[in-house]
Protein chains: 2
Amino acid sequence: MELLKQRILNDGRVKEGNILKVETFLNHQMDIALLDEIGAEFARRFSGAPITKILTIEASGIGIAAIASRYFGSVPVIFAKKTKSKNLDGELLVTKVHSFTKGVTYDVQISKHLLTEDDTVLIIDDFLAKGQALLGLIDLVEQAGAKLAGCGIVIEKTFQEGGGLIRNKGIRVESLAMISSIENGEVHFDGE
Amino acid sequence: MELLKQRILNDGRVKEGNILKVETFLNHQMDIALLDEIGAEFARRFSGAPITKILTIEASGIGIAAIASRYFGSVPVIFAKKTKSKNLDGELLVTKVHSFTKGVTYDVQISKHLLTEDDTVLIIDDFLAKGQALLGLIDLVEQAGAKLAGCGIVIEKTFQEGGGLIRNKGIRVESLAMISSIENGEVHFDGE
């Protein structure tokens, strides 16, 4: 998605340790016009898939998934929770997700009754790197017995293993910007 | 907002302790068509206010604010973070928010450069009860020297003190459903 790649080059900032920061338009401040374009692009890529629910994880996925839903007939969006919230009750589906950044493993959960075997789910998230969060969401879909249409990712770091892990399971992953390397403060995309 | 009140009566569930649960359409699973109506209603109520940014707090406010932004010319949405996130860096604005539910006080923060004195801010959140989170967001707007157009709330519990505290500061609060009591498993709205 050229618009997104240009935005990453223009407004993303590469910090010490070759960490890409996109907090001015994606995961702290959100550019809603850009999210509209991203939602439309996910809809083009998954056109024909009979998606009944979108699943994401708090917090950065929520805005992206909410806007994207409008391009899928405004299907309900579920955001999985990283903490045992008072907004959850009744029976839960729970999966373990390991955060390499924070060095902890935490429970990710959704209310069981929200996903059923009648659902076809699109998973949406902002980043795909080591893939742990995404594998957790996939596990929740499988626990529910729902069908998985695939995963829509805004930015994939293809130099990390997550995308390969998930595609090797036969799961469709559509990433709108695929970053092959971040070196010396410069972002490079796949195919360049 | 009649549609919202009906939805609360139809799909909200009152649990032990007279706690209202709206996780099937607002703060765990989100009904995007309903959020569209909510966004349009916020825009009607704040029409004429020269809003340049929407501020909310993770996690439940994010979807509501993202969809609402589309009715305010797709102004950027900032979501304040409850934890020191790797997505934040540089200088921060920080405020303390006390959670009565969890019995803890935590730091809520935004990147300082995202809000300036040139901004006119609309704060959006899902619930207003004791008002602590909203007071924290208001403090962040004041720290930034930005103007505050007001607060758009989906559900206010008017039997708790938050709405009064904030309106007494001269701040405009527009709540789309105002609940005057929850007793014996029944929800009652203001003016009924």
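Chain B can be laid on chain A with an RMSD of 0.0 Å, by a turn of 180 degrees and a shift of 0.0 Å along the axis. The two copies are thus related as by a two-fold rotation axis. This is a predicted model.

**How the copies meet**
- Of the interface residues of chain B, 100% are also interface residues in chain A, so the copies meet through the same surface.

**Helices α1 and α2 of chain A**
- Helix α1 spans residues 2-11 and helix α2 spans residues 32-45 of chain A.
- Their axes come within 10 Å and cross at roughly 145 degrees.
- From α1(A), A:Leu3, A:Leu4 and A:Arg7 take part in the contact. They meet A:Leu34, A:Glu37 and A:Ile38 of α2(A).
- By class, this contact has four nonpolar residues, two charged residues and no polar ones.

**Nonpolar cores**
- Nonpolar side chains tend to be buried together in soluble globular proteins.
- The largest nonpolar core here has 78 residues. A:Ile38 and B:Ile38 have the most contacts inside it.
- Leaving out residues up to four places away in sequence, B:Ile38 touches B:Met1, B:Leu4, B:Ile64, B:Val154 and B:Leu176.

**B:Asp36**
- B:Asp36 lies in helix α2 of chain B, residues 32-45.
- B:Asp36 has a relative accessible area of 11%. The cut-off for buried is under 20%, so B:Asp36 counts as buried.
- B:Asp36 touches A:Arg70 and A:Ser74 in chain A, and B:Ile67 and B:Tyr71 in chain B, not counting residues up to four places away in sequence.

Methods:
Residues numbered from 1 in each chain as written. Chains lettered and ligands numbered in written order. Predicted model: local features only at pLDDT ≥ 70, side-chain atom pairs only at ≥ 80, totals over all residues. Heavy atoms only, no water. Axes fitted to C-alpha atoms, helices over the stretch in contact; angles between N-to-C directions. Helix = DSSP H or I, 4+ residues; strand = E, 2+ residues; numbered from the N terminus. Contact = heavy atoms within 4.5 Å. Nonpolar A, V, L, I, M, F, W, Y, C, P; charged D, E, K, R; others polar. Core = buried A, V, L, I, M, F, W, Y, C linked by side-chain atoms within 4.5 Å. Buried < 20%, exposed > 50% of the residue type's maximum accessible area, 1.4 Å probe, protein only. Least-squares fit on C-alpha atoms with pLDDT ≥ 70 in both.
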